[in-house]
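Hi,

Here is the structure I promised to pass on. Have a look at it first, and then read my notes below with the model open next to them.

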Amino acid sequence: MSDEIKKDTIDYGKIVRTLWEKKIVFLKVLPIIFVISCLWILPQPRYYKCDVMLAPETSTDDVAGSLSSMASSFGIKFGSANNDAIYPELYPDLLSSNEFMIGVLETPITTVDSSLTTDYYTYLVKHQKPNWLTQPFVDAMEWLKRVLSDKDKYANAGSPKALNPFKLSEFDFNIVEIAKKKILCYVNKKTEVITITFTDQDPYIAAIMANSVKQHLQNYIIDYRTKKARVDVEHYQALSDSAYAEYELATKRYDKFCDQNLDLVLQSAISKRDNLQKDMEQKFSTYTASKTQLEVMKAKLQEKTPAFTTLKSATVPIKPAGPKRMIFVAAMLILSTVITAFWLTRKECMKVFSAK
């Protein structure tokens, strides 16, 4: 019985003695891992993150809003209380669409040292800081793609305005995908607070783009929610302009007739004057009614326009968000130490596993 217990128990003393006897292995492995880790992590360009937070206005009645709020606190959603097809939970999907990203790529940017001013698409294509360790391999792969693939398939649009979201070349598709990965959108299901994080190599550009994504999102939601109301305003504006033009025409006809017939004697002339006056008054009533309806539609448009409260504005980050070079090197040294220690004592450890 005691022999079985000994077989199932790891002899930690023996393991420590083994590791101490073979400490020269650690003295060889750890410097090599340290050098390799430094060579890998040091060329990685630093990047910065900028966060913005905003809360969208929700138009819900008291009962529906209370039920929705109570359900959200338990992680349950009853649907959109204001019957919007695009509600906050879908904003991350909206930000990942090609149509939205192409609009973001048109954003004018300036580097922190003001040495470069261009749009974000051109910045991604021509002005990204490369990793000098891996860049030769990347350039070789890019050259190979250009040689083997169709020229049109790997064509560069040259500017974001020339991009067609329906048909992107492979080159432009990759640029759009790179831009998508720089945006992180999180929506708190309980409070519906939207957090947008943008990552870039330049701190000033990170702040500019975070603010740009926020503004594009606000404009998109405002355009979506007010689309029907804006169409109504345009319709009643056209009716009001047409009614006003007809009223002016009727007024001119009436004034002209009165000027030409100052001393009315014939009944036919008096009747025609009265008819022109009635027509003018009718046209004025139509214009007044359409103008009133236009003001109602403008008020409705204003009511439909959502408001966004900015909880956290974009600010230029001071410290880089990564890469965490010291943490990476320390983690690699710890991992290599554990792996080396297991390899040196694998026989002792395998005895326990084989016994089980």
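Let's start in the middle: the largest nonpolar core has 38 residues, and those touching the most other members are Phe-100, Leu-105, Tyr-120, Ile-194, Ile-196, Val-213 and Leu-217. A nonpolar core here is a set of buried Ala, Val, Leu, Ile, Met, Phe, Trp, Tyr and Cys residues joined through side-chain atoms within 4.5 Å. Buried means under 20% relative accessible area, exposed over 50%, and partly exposed in between, with a 1.4 Å probe and protein chains only. Two or more residues come from each of β1, α5 (91–95), α6 (98–105), α7 (120–126), α9 (170–181), β4, β5 and α10. The top contributor is α10, with 8 residues. Another core lies apart from this one; it has 6 residues, including Tyr-254, Phe-257, Leu-276 and Met-280.

Before going on, some housekeeping. This is a predicted model, where local features need pLDDT of at least 70 and side-chain atom pairs count only at pLDDT 80 or more, while totals for chains, interfaces and linings use all residues. Residues are numbered from 1 along each chain as its sequence is written, and side-chain values use heavy atoms, with hydrogens and water left out.

Overall, the protein chain has 14 helices and 6 strands. These are DSSP runs numbered from the N terminus: helices are H or I with at least four residues, strands are E with at least two. Of its 356 residues, 32% count as buried.

Now the sheet. It is open and antiparallel, with 4 strands in the order β4-β5-β1-β6. At the edges sit β4 (183–187) and β6 (308–312), each pairing on one side only. From one strand to the next, the twist averages 25 degrees. Two strands count as paired if DSSP finds at least two bridges between them. β5 (residues 194–200) has 5 bridges to β4 and 7 to β1, antiparallel in both cases. For landmarks, look for Val-187 opposite Ile-194, Tyr-186 opposite Thr-195 and Asp-51 opposite Thr-197. β4 and β5 make a hairpin with 6 residues between them, and Glu-192 in that turn has a positive phi of about 60 degrees.

Is β5 covered or open on its two faces? Both faces are covered: Ile-194, Ile-196, Phe-198 and Asp-200 are buried on one side, and Thr-195, Thr-197 and Thr-199 on the other.

One more stop is α12 (residues 267–304). Its 38 residues should span 56 Å at 1.5 Å a residue, and the end C-alpha atoms are 55 Å apart, which agrees. The expected span is 1.5 Å times one less than the number of residues. Buried residues in α12 include Leu-276, Met-280, Lys-283, Tyr-287 and Leu-294. An α-helix has 3.6 residues a turn, so residues three or four places apart point the same way. Part of the cover over the buried residues of α12 comes from α11 (227–260).

Last, contacts, meaning heavy atoms within 4.5 Å. Leu-105 touches Asp-119, Tyr-120, Tyr-121, Leu-124, Pro-160, Leu-163, Val-176 and Ala-179, leaving out residues up to four places away in sequence. Among contacts in the protein chain with a separation of 6 or more, 77% are between residues 24 or more positions apart.

Cheers

Methods
Axes fitted to C-alpha atoms, helices over the stretch in contact; angles between N-to-C directions.
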